[in-house]
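Please look at the structure first, then read the points below it.

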Amino acid sequence: MKNLLKIFGLVVITVAFAFTPVEKKTVVIDVSHGGHDSGVEQNGISEKEVVLSVAKYLKELNKDDNIEIVLTRDVDNFLSLTERVELINSVKPDLAISLHVNSSKNENANGVELFISDNSEKKEQSRKLAVKLQNIIQYNKSEIKKANFYLLKNVNYPIVVLELGFLTNQQDRVLLTSEEGQIEIAKAVYEAIR
């Protein structure tokens with residue numbers, strides 16, 4: 001009888017742990033620009049279109065019930081920086097990534113740039129997120145920089161501004177504007193947030 005009670009107790013404990021809910025991770029993807037604000041434009045292609053497309057692929061990739069991806073916009077509309085900050089802070093995410101596309105007068109400038117701020121409330125967690133993104137992004141060279149962008153200073157959660165590449169660089173432009181390239185970028189970002 002004692003052995004039967006022990007076995008029953010182990011079964012109850014095992015079942016209890018099996019049904020313990022896994023904490024859900026919430027990620028905000030800030031889809032920059034939109035509406036009247038096209039961002040960078042090159043050869044008839046705009047930053048607002050590229051980042052929206054990448055964000056949509058990123059959301060489609062997520063099949064994990066324990067990860068919720070919230071986009072600041074999923075259509076071509078404009079949100080001010082203040083509205084973006086308010087939206088991100090209201091969601092209370094585990095982390096946030098603001099997607100952008102870069103440009104330069106130097107057509108040879110290329111690669112990914114990640115920005116964090118020393119004035120961020122969560123600067124250490126933001127730095128760790130930037131390092132993780134940098135380590136996973138293998139489709140292009142990457143560099144972490146410091147900046148005091150409005151989003152970085154005012155979002156109360158770990159946040160990185162991610163410049164996906166240079167629209168003014170021919171190789172980056174092919175990656176940024178092709179479906180295959182956008183999916184590759186989305187997969188790299190998704191791997192980093194998992």
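H4 passes H7 in a right-handed crossing; a crossing is right-handed if the near helix is turned clockwise from the far one by less than a right angle, and left-handed if anticlockwise. The model is predicted: local features need pLDDT of at least 70, side-chain atom pairs count only at pLDDT 80 or more, and totals for chains, interfaces and linings use all residues. Residues are numbered from 1 along each chain as its sequence is written, and side-chain values use heavy atoms, with hydrogens and water left out.

**H4 with H7**
- Helix H4 spans residues 123–136 and helix H7 spans residues 179–193; helices (H or I, at least four residues) and strands (E, at least two) are DSSP runs, numbered from the N terminus.
- Their axes lie 9 Å apart, at an angle of about 135 degrees; axes are lines fitted to C-alpha atoms, for helices over the stretch in contact, and angles run from 0 to 180 degrees between N-to-C directions.
- That angle makes H4 oblique to H7 (under 35 degrees is roughly parallel, over 145 roughly antiparallel, 65 to 115 roughly perpendicular, and the rest oblique).
- From H4, Lys 132, Leu 133 and Ile 136 meet Ala 188, Val 189, Glu 191 and Ala 192 of H7; contact means heavy atoms within 4.5 Å.
- The residues of this contact are five nonpolar, no polar and two charged (Ala, Val, Leu, Ile, Met, Phe, Trp, Tyr, Cys and Pro count as nonpolar, Asp, Glu, Lys and Arg as charged, and the others, Gly among them, as polar).

**H6 with H7**
- The axes of H6 (residues 170–177) and H7 come within 4 Å and cross at roughly 85 degrees.
- H6 and H7 are therefore roughly perpendicular to each other.
- Leu 175, Leu 176 and Thr 177 of H6 meet Glu 179, Gly 181, Gln 182, Glu 184 and Ile 185 of H7.
- Three nonpolar, three polar and two charged residues make up the contact of H6 with H7.

**H2 with H7**
- H2 (residues 47–61) and H7 have axes that come within 8 Å and cross at roughly 55 degrees.
- The two helices H2 and H7 are therefore oblique to each other.
- H2 passes H7 in a right-handed crossing.
- Residues in this contact include Val 50, Tyr 57 and Leu 61 of H2, and Ile 183, Ala 186 and Tyr 190 of H7.
- By class, the contact of H2 with H7 has eleven nonpolar, two polar and two charged residues.
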